[in-house]
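Please read this note with the model open beside it.

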Amino acid sequence: MKILVTGAAGFIGSRYVRSMLAGEYAGYSDADVTVLDKLTYAGRRDNLPADHPRLAFVQGDVCDAEQLRELLPGHDAVVHFAAESHVDRSIDAGAAFVTANVLGTQSLLEACLHSDVSRFVHVSTDEVYGSIASGSWTEECPLAPNSPYAASKAGSDLVARSYWRTHGLDVSITRSCNNYGQHQHIEKLIPRFATHLLCGEPVPLYGQGANVRGWLHVADHCRAIQLVLTKGKAGEVYNVGGGNEMTNRQIAELLLELCGAGEEMIRYVPDRKGHDLRYSLDDSKIRQELGYAPEVSFAEGLAETVAWYRDEPGWWKPLTT
Ligand code: NAD
């Protein structure tokens, strides 16, 4: 078994690869893994083992059709994480998101058609559904993305689906809620707040902090992706929730507590443009059909995450400059 994992120098992909190499996924303990990553500002080679007999690291762009055609033959499956992933950056400069997320996904799918790849998992997000005032999205809900990031991910989902429908490629799509855990770039909410507080600095909270998101520990997300890789059906979408819906204000309060800081450390800042108020996933499909259930409680996962950032300033301090 040989798997190509794109974007695995980033937060979620690196966790997935480390777990696979550590033998955490049944039936894959001897799988060879190739990582393809462009090493953008978000990717770090040191998120992966420096030297592992079953890991090959290739620096490259998922938009580079020629490189993909050379690299893909010999791989049985692709798990596609590579993307521009930060909403705020997409508001400032959306073109890179369309290129990496839409064109990159299409280039990768196209290259798969000309290789031995027989299975493809496209990692997507709940943000493609837009914002929901009440209730929860099932996989049948229409896509109504609001940020350029979400729109580029929705575009990539549709392109992925088309390669299944048109070409018969065995593609499944996952749509997860917000992830948290170690090795997440400090531009994202939980690590940004945790590292500010660990430095004794106030945290910038958008608007009134009323935006609601579901939260999922990265290890649970990676387990779900592995379930979809091994048991998911072609052409199907699987929502992946965490069972933890909270306002950003609630997250800030939990982080204040874990870092021993008071409410005065919250600074309210003008809201993000077009900020979606609420996301909520109905993930009963993956639970019922594939037997998924998150294992990490939010309290335990958040405490472990804050402890990691406290213990590893060498990983994130260079990102603050
Ligand atoms: P990340 O920003 O931490 O990592 C992205 C990785 O992709 C980086 O290593 C980067 O170098 C690489 N990359 C970017 N453009 C590339 C290109 N053109 N070619 C090759 N590599 C490229 O992102 P993440 O948080 O780990 O997210 C991974 C995937 O999961 C993304 O597709 C994202 O949309 C999705 N997702 C993320 C979350 C979340 O909460 N972080 C939730 C749901 C879905």
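1. **Terms for the core.** A nonpolar core is a set of buried Ala, Val, Leu, Ile, Met, Phe, Trp, Tyr and Cys residues joined through side-chain atoms within 4.5 Å. Buried means under 20% relative accessible area, exposed means over 50%, and partly exposed is in between (1.4 Å probe, protein chains only).

2. **Basis of the note.** This is a predicted model: local features need pLDDT of at least 70, side-chain atom pairs count only at pLDDT 80 or more, and totals for chains, interfaces and linings use all residues. Residues are numbered from 1 along each chain as its sequence is written, and side-chain values use heavy atoms, with hydrogens and water left out.

3. **The largest core.** The largest nonpolar core has 63 residues. Y16, V17, L72 and V79 touch the most other members. Helix 7 (residues 218–231) gives the largest share of this core, 7 residues. Helices (H or I, at least four residues) and strands (E, at least two) are DSSP runs, numbered from the N terminus. As background, nonpolar side chains tend to be buried together in soluble globular proteins.

4. Which residues does V79 contact, leaving aside its neighbours within four places in sequence? They are I3, L4, V5, T6, Y16, V121, V123, I225 and L229. Contact here means heavy atoms within 4.5 Å. A second, separate core has 21 residues, among them F193, V203, L255 and C259.

5. **Aromatic pairs.** Rings of Phe, Tyr and Trp (its six-membered ring) pair if their centres lie within 6.5 Å; planes under 30 degrees apart count as stacked, over 60 as edge-to-face and the rest as tilted. By this rule there are 9 aromatic pairs. F97 and Y149 make an edge-to-face pair, 6.4 Å centre to centre with 80 degrees between the planes. F97 lies in helix 4 (residues 95–113) and Y149 in helix 5, so the pair ties together parts that are 52 residues apart in sequence. Both F97 and Y149 are buried.

6. W308 and W315 are buried. Ring pairs also link Y16, Y25 and F81 into a cluster. Y16 was named above among the core residues that touch the most other members.

7. **The cavity.** On a 1 Å grid over the protein atoms alone, a cavity is a set of points where a 1.4 Å probe fits but cannot get out, and a pocket is an open set with protein on both sides within 12 Å along at least five of seven lines; lining residues have an atom within 4 Å of a point. Grid points are joined across faces, edges and corners, and a volume is the space filled by probe spheres set on the points. The structure holds 1 cavity of 30 Å³ or more. The largest cavity has a volume of about 40 Å³. Its lining is A160, R161, V171, I173, G235, E236 and V237. The lining divides into 4 nonpolar, 1 polar and 2 charged residues. Ala, Val, Leu, Ile, Met, Phe, Trp, Tyr, Cys and Pro count as nonpolar, Asp, Glu, Lys and Arg as charged, and the others, Gly among them, as polar.

8. **The second largest pocket.** Its volume is about 220 Å³. The lining has 13 residues, of which E139, E140, R161, G235 and V237 lie nearest the centre. Helix 5 and strand 6 are the elements that give two or more residues. Helix 5 provides the largest share, 3 residues. By class, this lining has 5 nonpolar, 1 polar and 7 charged residues.

9. R165 is found in helix 5. Is R165 buried or exposed? R165 is exposed, with a relative accessible area of 57%. T247 lies in strand 11 (residues 244–247) and counts as buried at 19% relative accessibility.

10. **Positive phi.** L39 has a phi near 55 degrees, a positive value in a residue other than glycine. L39 sits in the loop between strand 2 (32–37) and strand 3 (55–59). H183 has a positive phi of about 70 degrees and is not a glycine. H183 is in the loop between strand 7 (178–180) and helix 6 (189–198). L39 is partly exposed at 26% relative accessibility, whereas H183 is buried at 11%.
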